[in-house]
Amino acid sequence: FARFHGTTHKSARKMGGIVKSFAPLKISFTLKGGFSMDYKIVEKDSFTIIGASKKFSYDSAKTEIPKFWDDYYKTGKCDSVCGRYGVCVDEGNDGREFEYLIADLYDGQKEIPEGFVTKNIPPFTWAIFPCIGAIPDALQELNRKIFSEWLPNCKEYEFAASCSIEMYTLPSDYANGMDDPNYYCEIWVPIKNKA
């Protein structure tokens, strides 16, 4: 008692001395991971996209990108570029913000409409992850798992470039469009073998 509290039992009681309290030690474990993720590895040549571009902060992208898509369709821009792809590019933005494009493939033959840009995507090896579920929730959850769990724990591959691509199928093929629980899309992540 005296070694732990720095006073004797008798002194503490008589003089109202300060004694120490000791909370019991508890051990807890949190297990994370242990999930299964389907993906395939595909080599793709370079290709060019055309799209509407906007910069987003990483902090607000989860809510702002769906608004960007809504505004895009409301303004009728989908008549020029229907939005088969969502392309994230983080080149030189110091990890605070990135460029996002609502895009289609560009063959180089058509005139570029006002307000649209083109961007060349170099040849890469891509890890392609299927996503099934209502958009944007299913896609955002898969994206989180890829970048916070799969990539950091992958023993074979690492991120090859500061970009990723969302590939969308036709909403008209599903009873509830992109809100359909069976809606299919993909996330493409450029990868390379770990050295």
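User: Where do I start? Which residues is tyrosine 100 in contact with, leaving aside its neighbours within four places in sequence?

Analyst: Tyrosine 100 is in contact with Ala52, Ser53, Lys54, Phe56, Ile65, Phe68, Trp69, Gly86, Val87, Cys88, Glu166 and Tyr168, with neighbours within four places left aside. Keep in mind that this is a predicted model.

User: How do I read a nonpolar core? Which residues have the most contacts inside the largest one?

Analyst: Start with the general idea. In soluble globular proteins, nonpolar side chains tend to be buried together. Here the largest nonpolar core has 34 residues. Tyr100, Phe129, Ile146 and Trp150 have the most contacts inside it.

User: Which element gives the most to this core?

Analyst: Helix H4 does, with 6 residues. Strands E2 and E4 are among the elements that give two or more. Another core, of 16 residues, lies apart and includes Phe47 and Trp188.

User: What about aromatic pairs? How many are there in the whole structure?

Analyst: A search finds 17. To read one, check the angle between the ring planes: over 60 degrees counts as edge-to-face. Take tyrosine 39 and tryptophan 150: their planes are at 65°, so the pair is edge-to-face, with ring centres 5.0 Å apart. Tyrosine 39 lies in a loop and tryptophan 150 in helix H4, so the pair ties together parts 111 residues apart in sequence.

User: Are those two residues buried or partly exposed?

Analyst: Tyrosine 39 is partly exposed, at 33% relative accessible area. Tryptophan 150 is buried, at 9%.

User: Which residues do ring pairs link into a cluster?

Analyst: Phe56, Tyr58, Phe68, Phe98 and Tyr100. Phenylalanine 56 and tyrosine 100 are both buried.

Definitions and conventions. Residues are numbered from 1 along each chain as its sequence is written. This is a predicted model: local features need pLDDT of at least 70, side-chain atom pairs count only at pLDDT 80 or more; totals for chains, interfaces and linings use all residues. Side-chain values use heavy atoms; hydrogens and water are left out. A nonpolar core is a set of buried Ala, Val, Leu, Ile, Met, Phe, Trp, Tyr and Cys residues joined through side-chain atoms within 4.5 Å. Buried means under 20% relative accessible area, exposed over 50%, partly exposed in between (1.4 Å probe, protein chains only). Helices (H or I, at least four residues) and strands (E, at least two) are DSSP runs, numbered from the N terminus. Contact means heavy atoms within 4.5 Å. Rings of Phe, Tyr and Trp (its six-membered ring) pair if their centres lie within 6.5 Å; planes under 30 degrees apart count as stacked, over 60 as edge-to-face and the rest as tilted.
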